[in-house]
Amino acid sequence: MNKSFYAVKNKNDKIRLKSSSGGVFYNLALYILKNGGVVYGAVYDSNCNIIHKRIDRIEDICLMQGSKYSNSNLTAVFNQLKIDSQSNIRVLFSGTPCQIMIVKKVLDKYNIDNFLFVDVICHGTPSKKFYDEYKKMMEKKFNSQIVNINMRYKNKKDFDRNLKFINPNYNERVGKHTMLLTFANGKQYLMPSNLDVFYLNFDYFISKGCFECKYSNMKRISDITIGDFHQFKCNLGTFNDCNGISLVILNSKQGHEVFNNIKREFEYLKKNEYEIYQPALYSPTLKPKKYDEFQKDYENYGFEFIIKKYTPINLKYKIKIFLHKVGLYEMLRNLKLQKNIKIKWKERKK
């Protein structure tokens with residue numbers, strides 16, 4: 001069956017606010033659960049480790065919302081997956097393409113006709129050791145245990161403003177993200193991705209095998225592929241309110257059927273393959289030139305050493321960090337954005 005491509009955003013702003021992109025996964029999971037099925041996806045455990053979990057209650061979908069940029073442990077769900085494959089209930093399994101392939105191999109001798117596989121567009125997965133090192137470093141800095149992580153935090157004030165003040169020519173290819181860490185002592189760490197050390201060293205943290213990923217192509221092994229809609233070849237205009245737009249690729253008959261059953265919950269634009277282009281759909285992430293050196297330095301000198309050595313801490317970075325600490329960085333960015341929007345509107349009226 002031919003693939004279909006969509007730019008999608010959830011009509012429910014509360015769902016989209018808590019989602020990394022446009023809020024598609026929530027309604028996919030909701031559809032399966034409302035029809036008596038179960039859903040498997042990545043969640044944080046009590047120690048903020050990332051694991052895969054099975055849910056059968058609608059109120060638990062929120063645990064699976066939001067991108068989690070590290071390897072999730074699958075081993076705890078294998079036995080239950082086998083049991084569910086022998087039942088008549090619908091099963092949604094979500095994960096990276098390589099995780100879906102692992103599950104399909106585990107269930108090779110089982111019937112998976114009742115499964116809906118949903119893969120997320122993957123740019124490479126930071127290894128657990130670097131994710132754990134990052135947590136450890138931040139807990140040391142704040143002298144407290146991390147109790148909650150949101151790697152794609154959306155500020156409600158900014159979200160509401162974006163709904164009212166839409167940029168008619170917003171053409172940023174890849175939007176910036178925000179890291180939010182909440183600590184047991186009540187303190188919070190809130191940092192835009194261009195200033196946070198986890199994001200700044202993301203490609204160095206990626207597992208080595210990701211640079212040779214055989215699933216980074218359009219031959220998807222899932223029924224539905226979801227991810228951020230990046231504007232490399234297509235400007236979404238006023239449809240993109242900067243609050244998150246999902247790319248949805250329907251790869252199978254079952255994927256088309258499920259999407260058709262829930263699309264009334266979304267605003268969407270149908271696109272062609274050229275318009276939805278993004279590098280991760282056609283080739284693996286490029287290995288950084290100093291990747292091997294970075295890994296060797298980590299083994300020899302530890303995490304704090306490599307963060308200091310490889311994070312681009314120049315004068316410009318230090319100024320941005322200072323402005324962020326005193327609450328001026330985001331305000332200046334928003335003022336610049338609004339100024340650019342007004343200029344674009346004037347140019348458009350001419």
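Predicted model: local features only at pLDDT ≥ 70, side-chain atom pairs only at ≥ 80, totals over all residues.

Modeller: Residues are numbered from 1 along each chain as its sequence is written, and side-chain values use heavy atoms, leaving out hydrogens and water. Helices here are DSSP runs of H or I with at least four residues, and strands are runs of E with at least two, numbered from the N terminus. The contact of α2 with α9 has four nonpolar, two polar and no charged residues; Ala, Val, Leu, Ile, Met, Phe, Trp, Tyr, Cys and Pro count as nonpolar, Asp, Glu, Lys and Arg as charged, and the others, Gly among them, as polar. The axes of α2 (residues 24-34) and α9 (residues 253-262) come within 10 Å and cross at roughly 95 degrees, which makes α2 roughly perpendicular to α9. Axes are lines fitted to C-alpha atoms, for helices over the stretch in contact, with angles from 0 to 180 degrees between N-to-C directions, and roughly perpendicular covers 65 to 115 degrees.

For α5 and α11, the axes come within 10 Å and cross at roughly 90 degrees, and these two helices are therefore roughly perpendicular as well. There F130, E133, Y134, M137 and K140 in α5 meet F303, E304, I306 and I307 in α11, a set that divides into six nonpolar, no polar and three charged residues.

Note on methods: Parallel < 35°, antiparallel > 145°, perpendicular 65-115°, else oblique. Contact = heavy atoms within 4.5 Å.
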